[in-house]
Structure formats: C-alpha cells, structure tokens
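Please open the model in your viewer and keep the selection tool at hand.

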Amino acid sequence: MQNEKKVREPLFHIAKRPAIAWHKAWGIRALSILAALIFAGIVAMALTGENPLAIYATMIKGCFSSERRIWMLLQTLVMLLCVSLAVTPAFKMHFWNIGAEGQVLIGGLATAACMIYFGDKLPPWLLIIVMVICSMAAGAIWALIPAIFKAKFNTNETLFTLMMNYVGIQLVSYFVIVWENPKGSGHVGVINQVSQAGWLPTIGNQKYMLSVIVVLALTVFMYIYLKYSKHGYELTVVGESENTARYIGVNVNKVIIRTMLLSGAICGIAGLLLVGGTDHTISTTTAGGRGFTAIMVSWLAKFNPLYMIATSFLLAFFERGASEISTIFHLDQAFSDIISGIILFFIIGSEFFINYQIKFTKPAKEVK
Amino acid sequence: MFSSSVIITFLQRAVIQGIPLLYGSTGEILTEKSGNLNLGIPGIMYMGGIGGVIGAFLYENSLASKADANAFLAICIPLFSTILFSFLAGLLYCFLTVTLRANQNVTGLALTTFGVGFGNFFGASLVKLTKAEVPSVALTTTSAFFTKKLPFAANLGWFGKIFLSYGFLAYAAIVIAIVVAIFLTKTRGGLHLRAVGENPATADAAGINVNRSKYLATCIGSVIAGLGGLYYVMDYANGVWSNEGFGDRGWLAIALVIFAVWRPNFAIPGSIVFGGLYIIYLFIPGVSLRSQELFKMLPYVVTIIVLIMVSIRKKKENQPPASLGLSYFREDR
C-alpha cells in the first residue's frame, strides 16, 4: 500500500513547543538525569563487575560520609560555580567565552606573583588587597583582549578565547620554572610556607569556608546583576539581537567590553581563591579544566545563577563520587570523565524535548 | 649557522609532528564547512588513538608468537577499530547537534571531556592488563608495520630523508587533505556542502538535504581526525600508548583550521609550519628550559594573529562558514 502513494507521509514531524511549564521542563531534566544514572550505572557495572546500587552507594559515601569529604565536595562545587558565574554574563550576551581556563590561570599567576615578590615587603593586609586587585586585573585583561577584537573587527571569539587558554598555560609553565622550588623539581612548591604571607585568612578554622562565602556572595551579586541591573538588561538585549540593541540606543561595543571585563575579573577571583586560599601554589593544572566544565554548568542552568548551584552540585557530585569509585574499585581517575560525559550527553539531549515536541502524524483519512 | 644535516632533521621532525595536526584539521575543516563547529575533535582524536591501540592489542594477544604477525591484518584491525570509534563519536555529536539541535559548543566540549577520559581510562586499563612496570602499553609488533618505510629511501640522502622517510599514514594524510580540498572546491557535492555551512536555509530551499550533509561531513570528518590519533600512536610513538601522551594536539589541530583559513590544501604546509613551531625550541641553541615554554606558545600566538588578520581584512573567501556553530531548524526561517 505504502508504495502506491506518490508522496509518503512522514511518521512524525517536529515542532517548536510554546513556552513549557517550568515543572514540566524540570521533570524532563530530572528524567534525563535518571536515565543517565541508569546508563552510567550499566557502564560502571560492565567495567567493575559490581552491583550498580553498590556503585552509587560508594559515590554517595565518597561525597558525604565524613565532614572532610563534605567540605571537599563543597570546595569542588563552589570553585566550579565561581567559574560558571564568571562565564555566564558573556554567554548571556552570546559571546562564547571558552577562555575561562586561561583567565583563571592568569588570575592565579598574578596572585602567585604578588605572594612571591611582595610576600616579605608589604604588611599582610596590604598584600592581600594588592593580590585581589592584581588577580582581578589580570583575569580581566586576558578576557579584554578577545573582547576588543570582537567589538572592533568581529573576530571569532570562540576560537580566540580558546587560543588564549594555551598562551596562558604556557605562560604559567614558564613562571613555574622561574619560581621552581626546590630548583629542578618542576614545581613551585608551597609559596611562603613559613611566613604564610599572602595566604587568605581561614574563617572558623575551615580551609574552604572563605571560598564558600565569597562564591555565595558572587552568586547573589550575579543574580541581581543579570536580573535587575541596567547592565544586565543591556547585555541580554545584545545577546538576543545586536540590531535591536543598537536601535534602542545601546552601545554594543561598550557592552561587549564591559561584560568581558566583568567575566575575566571573576575568573581572576577564582584564580585568587585557588592560589591564595587553598592551594598556596601554582601549576598549569590549577584551573583543572573548570574553565570548560563551567561552560556546561552555566548552559545547563539556562544561565540562571541560582540554578547553577544545582548544576554545579550535580557535576561536583559526579566528579568526587567517580573519583571515590576509582579508588575503591582500582579504576583509573579518568573514569570520572567518562561518567560526567555520559551524564552531560543525556542532559544536553533532553533539552530537545523541552524546546520541541514530536507530533505523530495521525493516520491520513482516505480521500477519494 | 646551522649545518644542513640539522635543517634536514628539523624539517623531517616538523613533518612528523605536523601529520596528526593535518589529520585533525582536515577532518575539522570538512566538519566546519557543514556549519558544525566540532570542539569534540580533541576527544575524537583520543578515541581514534585508543581505538587503534585496542585493535592492535587484541590482535597481538591473539597471536601465538610475534613472528606470525601478518601485515594486512596488523594494519587493518587497528585501522578498522580507529575508524569505528571515531565514527561513533562523530555520530553521537551529530545526533545531539543536528537531530536534537543541541548547542554545538557545549556538546563538543562534553565530547572532548568524554573522549579524553575514554582514551585515558582504557589506556590505563590496558596497562593494568599487561602488568607492565612502566605506565604505558607497547605494541611494537603492530607498530612496525605502520612505520615501515620505502626500502630505498635510506639511499637517497637528504631527499630521501625529507620526502620518503615516513610511514604510509603520513602520505595518506596528505592525499586525504588534497582529496578533501578538491572535493570542497571542484565538485558539486562540495558546493552543496559549503552552501549548507554558509546558509542552510538557502541550501534547503535549493533542495539540498541539510541534515544528511551535516551528518555525512561531520562523521567523515571525525573519522579523518581519528586517523590522526592512530598515526600518533602507531607511527609517531612507535606503538606506545601512555596517558596524556597525545597532549593538546587536538586543540592545535583546531588552531590549524584557522591558520589554513578553512582550506585543507593550505593545511598541508600549515601543518609543517605548526609542527616546526612546536619543536623549534629543540633546535635553537642556548634556549634555557624556561624559555622553551615560551617557544611552545608560538603556534597559538601565530593562530591568534592569523585570526585577527582574517577578521580585519574581511576577504570573503577567507572567512569562517557563516552559519558556523548554529543549529538549523526549518521552521525557524
């Protein structure tokens, strides 16, 4: 029968959904995460030969079973959140800043430089102020360079910021050798181990408390900045349509540069927190891929800073949990990348079902 | 200043370094011409590399003795598994970005996370299986077939060294780049593909199947990029896989796409330039260890300069495809 028809009706077609109720959208996302968990469980079972429930129990234990582990999870979460907050205003402006990795590193590099060169010259409070200013300025400059070229010549920012990462990484590995301690080790070692000059203060005896507080403050700031400030409005309009922005009198170039300065400065703060607050050293892996993961965190949260707490929790949980699995079951650390990848694929795929619907073609009425 | 033998060695090493980049960027150019900015290329190259390693590992373990190795099988099995792995990775990317219209940057980065993790994980697992002392898998028997050179190359002096001293995959890279260049500029299929990358709505109106073009270009592009991983493991590294050994070459391949202004034929000399920039610090006398790190910046700095110049000069034929990075939905027109 089918062959006789000249035009074959497609089985279904795809249409854009009108705005979907938020609980439905989050229901779809929750379902996709569940599906991802089941699939990742099967993969983990195939690789370890263990019961998937035991694997997830191990993950949960790895994240929550002791106070130290909860703090580690929190630290992973807030650092990822910090970088995600940094890239969000740029993304909202449709400026694909994938250079956060480099911006964080350069911020960290500036922090380390202040600690090393001014550690014994400035009083502690002044040193920390200098560190804050230098790290933010360094991150901002690293973001400013592609922004200027984007504004002036419409240079492709995705590729430009991507390349800036590697320039930053090489710059850091240059300084790692300059500062290496002891000589020939290839590591900077703990900076100012004895004097602790430039170490950010610990609050309430908790190493990670400061990062948590700073990042939470940043989250609130970013939420208000994007939602209620004039700047936030302008960058959203530029993101939606540059022509509309011009028409209503927004100076597009100014907005691009201003937003990227903010984006880079927050990346600089992330570098400051990592180098001055927790690591007290610097290496090419200080940013640790957060610059790239942050892009996914921000995008999954629909660029909403409050949702980002949830999405960065999700990714931090998988990172810590998978690393626990790999220790317990003697798997390579890369296992966590595979699991994160699978989860991301599922969530990325689920967005389709939020934005589009599949309409099955009703059996055609016989028209004779 | 430099003796001629140093220059010959430098050129030869530059070519060897450049070949994986050439594979990666030829694949990425083909992909980008369809409007897909596949940032998963570094991951795909890892998957291609580990695919070859797994194939070779299985083959070597199935042999009773190393002397039984058969050239045809030793080449075809790793080749096939590389193609399979990188094809599946490309297919996944296409399914998410073309069929499900997901954001390309996010999907690509997720694929890179996944692919690099995949490579390192299975690499580490194989290392564990071999119970080796060093953290690497050595597949020298299979690799010997990949590195086999022309028998008379050694007798031809500098000419032989610069032009004839490579394994067959190196020549294949150049042939593939030329074929892709001819396909893109001289054939109807290439014209259609470029139309899809520039303006999918127009291409659709002209009766070109946009989704099929994107799928084909991206999957074939992934396979080509995956071969770069195979070349790296089997020829460059002589069959030794060590985790993170491939490094950031995948990103360098994406840089090369820009350097070659989206033309595979420019990518051939471009890859040699990049390969040369990558290792030039080894050949300049008196470069301190720390300055070497600054020299390694060169390929990226050069790419940034090219990117800026291309955008300032605004020559139409040197621009990225106009719809690069955007998903296409017919009803959005």
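Helices (H or I, at least four residues) and strands (E, at least two) are DSSP runs, numbered from the N terminus. Select chain B: its secondary structure consists of 14 helices and two strands. This is a predicted model, in which local features need pLDDT of at least 70 and side-chain atom pairs count only at pLDDT 80 or more, while totals for chains, interfaces and linings use all residues. Residues are numbered from 1 along each chain as its sequence is written, and chains are lettered from A and ligands numbered from 1 in the order in which they are written.

**The whole of chain B**

The C-alpha trace of chain B spans about 60 × 50 × 40 Å along its principal axes. Of the 333 residues in chain B, 52% are buried (a residue is buried if 20 or more other C-beta atoms, placed from the backbone, lie within 10 Å of its own).

**Helix α5**

Next, select residues 140-147 of chain B, which form helix α5. Which residues of α5(B) are buried? They are Thr142(B), Ser143(B), Phe145(B) and Phe146(B). These residues cover an arc of only 150 degrees around the axis, so they lie on the same side of α5(B) (the arc is that of the directions from the helix axis to the C-beta atoms). The buried residues of α5(B) pack against α2 (41-62), α3, α7 (168-186) and α10 (210-236) of chain B.

**Where α3 crosses α5**

Two residues are in contact if their C-beta atoms, placed from the backbone, lie within 7 Å. Here Ala71(B), Ala74(B), Ile75(B) and Pro78(B) of α3(B) meet Thr142(B), Phe145(B) and Phe146(B) of α5(B). Six residues of this contact are nonpolar, one is polar and none is charged (Ala, Val, Leu, Ile, Met, Phe, Trp, Tyr, Cys and Pro count as nonpolar, Asp, Glu, Lys and Arg as charged, and the others, Gly among them, as polar).

**The contact with chain A**

Finally, display both chains: their contact takes 42 residues from chain B and 38 residues from chain A.

Methods
Axes are lines fitted to C-alpha atoms, for helices over the stretch in contact, and angles run from 0 to 180 degrees between N-to-C directions. A residue is buried if 20 or more other C-beta atoms lie within 10 Å of its own, exposed if 12 or fewer, and partly exposed in between; C-beta atoms are placed from the backbone.
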